[in-house]
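These are my notebook entries on one model. I list what I looked up, in the order I looked.

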Amino acid sequence: MLVLGGVTEALALARQLAADDIYSLAGLGRVPEDLPCQVRVGGFGGAEGLAQFVADNGIGLLVDATHPYAAQISANAVRAATLAGIPCWALRRPGWQAQAGDDWREVADWNELIHSLKPFRRPLFTLGREPLEHLDEIPEHQHWTVRCLQSQPATPRAEIIGARGPFTLESERELFARLHCDVLISKNSGSQATEPKLQVARELGVPVLVLRRPELPAVDRAFSEGRVLLEALKSIAAEAAPTQLCDP
Ligand code: NAP
């Protein structure tokens with residue numbers, strides 16, 4: 001089995017894999033050193049490269065457990081599985097749903113986001129590293145805060161906070177209060193680890209610009225929860241060989 005990872009549920013899954021299974025990471029974040037399976041890091045060279053890796057390593061099942069916004073690797077996974085003639089399963093985590101009191105405004109891409117940001121002064125970006133490429137484009141009337149995995153020094157117009165979830169409600173309340181944040185920018189990842197910021201935005205009446213989810217390709221089996229995916233993997237492993245997946 002080859003598991004494409006990069007999110008919390010994928011790591012939990014990797015902790016249950018057998019010694020000859022492979023867990024793959026793009027290499028942007030931390031690489032765990034305590035997994036029972038093989039770990040590989042870095043791209044495969046597109047769908048064709050991934051199909052070749054699958055063939056070379058005798059992979060029988062490809063599991064896409066990547067982030068819902070990692071659309072390229074998800075597309076590659078489906079294409080590679082087709083090329084290699086093996087099934088592709090995927091974790092397809094549902095998005096968050098707006099609740100009473102929310103003021104969510106969906107944006108399609110960076111350009112639409114920047115346009116929608118114009119009326120605001122103190123945006124808090126929580127959608128990864130993309131804003132770091134635009135720090136010299138900050139409008140006169142704005143001061144940005146960018147929270148992402150990479151920490152880097154502040155500029156006169158922006159503060160960059162290097163942090164990794166999970167975040168608590170209390171710490172998010174403190175952050176919004178300290179920043180005087182008047183708009184939150186977020187992906188709709190659906191992750192519990194980063195959900196508290198949405199509650200704080202709701203409490204304070206702060207609008208949220210939500211980057212639209214990418215379309216992901218259909219797979220042979222899709223699972224909305226890591227736990228259910230793990231159960232399904234355990235059951236096929238039990239059919240093939242009773243000891244292939246470790247017990248928790
Ligand atoms: P992406 O745009 O879909 O993928 C870009 C390229 O990175 C892929 O074409 C592939 O290179 C390589 N890649 C991605 N995931 C890989 C994996 N698990 N193993 C090996 N190679 C991988 O992905 P992204 O949005 O840059 O995200 C990169 C990774 O970070 C993903 O694994 C994702 O789960 C994780 N992540 C992403 C986000 C997000 O917001 N996008 C948030 C949290 C975590 P080749 O074509 O050369 O194979």
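Entry 1, the ligand. I began with G45, where a backbone N or O atom lies 2.9 Å from an oxygen atom of the ligand. I call this a polar contact, a pair of N or O atoms within 3.5 Å; within protein, one must be able to donate a hydrogen and the other to accept it, and residues adjacent in sequence count only if both atoms are side-chain atoms. For H67, I found a polar backbone atom 2.9 Å from an oxygen atom of the ligand. For A70, the distance from a backbone N or O atom to a ligand oxygen is 3.2 Å. On its own the ligand has 820 Å² of accessible area (Shrake-Rupley method, 1.4 Å probe), and the protein covers 74% of it. I noted 22 residues around the ligand, each with a heavy atom within 4 Å of it; S24, F44, G45, I73 and K187 come nearest.

The model is predicted: local features need pLDDT of at least 70, side-chain atom pairs count only at pLDDT 80 or more, and totals for chains, interfaces and linings use all residues. Residues are numbered from 1 along each chain as its sequence is written, and side-chain values use heavy atoms, without hydrogens and water.

The domain assignment, automatic or from a database, gives domain 1 (2–94 + 214–246) and domain 2 (104–211). I read 30 Å between their centres, taken over C-alpha atoms. Eight residues from domain 1 and eight residues from domain 2 make the contact, meaning heavy atoms within 4.5 Å. I also noted three residue pairs in polar contact between domain 1 and domain 2, both residues at pLDDT 80 or more.
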